[in-house]
Amino acid sequence: MNISSIIIKAKQEKWGEILLAINAITNAEVALHEKDKSIIIATIEANDTQEEIQILQKIQKIHGVLSADMHLTYSESDLKDCKMQADKIAELIDTTPIESMHYSGDIKKFLK
């Protein structure tokens, strides 16, 4: 199971219709929205990356959506093999220089 967050810019005059259209897409849900800033944050749950991208493309095609981009994505399979305890992870975060930390949830790596 993959879970992703999507940042959406949309036209204010179509706001209600856009929110309904996003929520009507299977496995997509509006999490937060601010009409006066024209920003919607939605989440996608999908079985794999291909399904995530298909749902994202459906959101991008909604009338009134100006842009929709995947912000973060997490894969359950990435976490299955993680055997570290939370306190050890916190210690690593506190003691590891920021320059040597790597984030692997960027959807762009899956699109290459």
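Q: What does helix H1 lie across, and at what angle does it run to S2?
A: In this predicted model, helix H1 (residues 15-24) lies across strand S1 (2-10), S2, S3 and S4. Helix H1 runs at about 150° to S2. Angles are taken between N-to-C directions on a scale from 0 to 180 degrees.

Q: What makes S2 and S3 a pair?
A: Two strands pair if there are at least two bridges between them. S2 and strand S3 (residues 39-46) have 6 bridges, so they meet that cut-off. Their pairing is antiparallel, and histidine 33 stands opposite isoleucine 40 in S3.

Q: How do you know that S1 pairs with S3 and with S4?
A: The cut-off is again at least two bridges. S1 and S3 share 8 bridges, while S1 and S4 share 9 bridges, so both pairs qualify. Each of these pairings is antiparallel. Asparagine 2 gives a handy place to look: it stands opposite alanine 46 in S3 and opposite serine 75 in S4.

Q: What is the order of the strands in the sheet?
A: The 4 strands form an open sheet in the order S2-S3-S1-S4, with antiparallel pairing.

Q: Why are strand S2 (28-34) and strand S4 (65-75) called edge strands?
A: Each of them pairs on one side only.

Q: How many degrees are neighbouring strands of this sheet turned against each other on average?
A: The average is 20°, with direction ignored.

Terms used: Residues are numbered from 1 along each chain as its sequence is written. This is a predicted model: local features need pLDDT of at least 70, side-chain atom pairs count only at pLDDT 80 or more; totals for chains, interfaces and linings use all residues. Side-chain values use heavy atoms; hydrogens and water are left out. Helices (H or I, at least four residues) and strands (E, at least two) are DSSP runs, numbered from the N terminus. Contact means heavy atoms within 4.5 Å.
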